[in-house]
Amino acid sequence: MAKITEMSAQKRNKRRVNIYLDGEFALSLEAVTALSAGLRTGGETTREVLLALKKDSDAEAAFARAADYISRRMRTEKELRTYLAGKDYPPEAADAAIAKLKEYGYVDDAGFVQTYMETYASRRGKKRLARDLGMRGADRRLIEEAVAGLGDQREAAVAAAEKYLRTRAFDARKLSAHLASRGFEWEDIEHAVRVCGGKEEE
């Protein structure tokens, strides 16, 4: 057993405490983990116990960091893993944090894809939607199913074209290029260009 000679809050992160055993720095833990374990200055523990607590502490810290990250907007599981890895959390801490977030319903790739489609399908084409979701790490199967469920996007392409033309003169080539950049398929682009050019068949 070793004596805990000091427990002090970190200057840059008050949620963590530095722990010293027999006058030497041992490691740092989340304060809530240290308190839950009953650690206190003057008490005794072992380095093995502290290392075990560190795993719980890392998971707690990863969870708090991940929860803050997803509070800004929904994230895919892959985005969360990439983010936590970038913050130097070990894989097991990320696993524990993400498992807890899934349990609470805050990480749900199927829900993410559905919400993304509902938000952007009215102004972005299938190709752009699929690409954006792929870049965010959504499962390819979920993306394919969501895109297949959209059907044709003629109305969305026309709406996007009309918005573009509010500040520009009609130019079929430039309008087509703009709609292509928004990810619309060629059939929908042709339809939008005909409508906005006044050439749509009656």
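**Entry 1. Basis.** I worked from a predicted model, in which local features need pLDDT of at least 70 and side-chain atom pairs count only at pLDDT 80 or more, while totals for chains, interfaces and linings use all residues. Residues are numbered from 1 along each chain as its sequence is written, and side-chain values use heavy atoms, with hydrogens and water left out.

**Entry 2. Helix 8 and helix 10.** I took helices as DSSP runs (H or I, at least four residues), numbered from the N terminus. I looked up helix 8 (residues 154–165) and helix 10 (residues 186–196), whose axes come within 8 Å and cross at roughly 50°. Helix 8 is therefore oblique to helix 10. For reference, angles under 35 degrees count as roughly parallel, over 145 as roughly antiparallel, 65 to 115 as roughly perpendicular and the rest as oblique. The axes are lines fitted to C-alpha atoms over the stretch in contact, and angles run from 0 to 180 degrees between N-to-C directions.

I then listed the contact (heavy atoms within 4.5 Å). Helix 8 contributes Arg 154, Ala 157, Val 158, Ala 161, Glu 162 and Leu 165, and helix 10 contributes Asp 188, His 191, Ala 192, Val 195 and Cys 196.

**Entry 3. Aromatic pairs.** I counted rings of Phe, Tyr and Trp (its six-membered ring) as paired if their centres lie within 6.5 Å; planes under 30 degrees apart are stacked, over 60 edge-to-face and the rest tilted. The count comes to 6 aromatic pairs.

One of them joins Phe 63 and Tyr 104 edge-to-face, at 6.1 Å centre to centre and 80° between the planes. Phe 63 lies in helix 2 (residues 47–70) and Tyr 104 in the loop between helix 4 (91–103) and helix 5 (109–120), so the pair ties together parts 41 residues apart in sequence. I checked burial next (buried is under 20% relative accessible area, exposed over 50%, partly exposed in between; 1.4 Å probe, protein chains only). Phe 63 is buried at 16%, whereas Tyr 104 is partly exposed at 48%. Ring pairs link Phe 63, Tyr 104 and Tyr 106 into a cluster.

I also looked up Tyr 69 and Tyr 83, which are stacked at 3.8 Å centre to centre with 0° between the planes. Tyr 69 is in helix 2 and Tyr 83 in helix 3 (residues 77–86), so this pair ties together parts 14 residues apart in sequence. Tyr 69 is buried at 13%, and Tyr 83 is buried at 15%.

**Entry 4. Asp 58.** I found Asp 58 in helix 2, buried at 12% relative accessibility. Leaving aside residues up to four places away in sequence, Asp 58 touches Tyr 89, Pro 90 and Ala 93.

Note on methods: Helix = DSSP H or I, 4+ residues; strand = E, 2+ residues; numbered from the N terminus.
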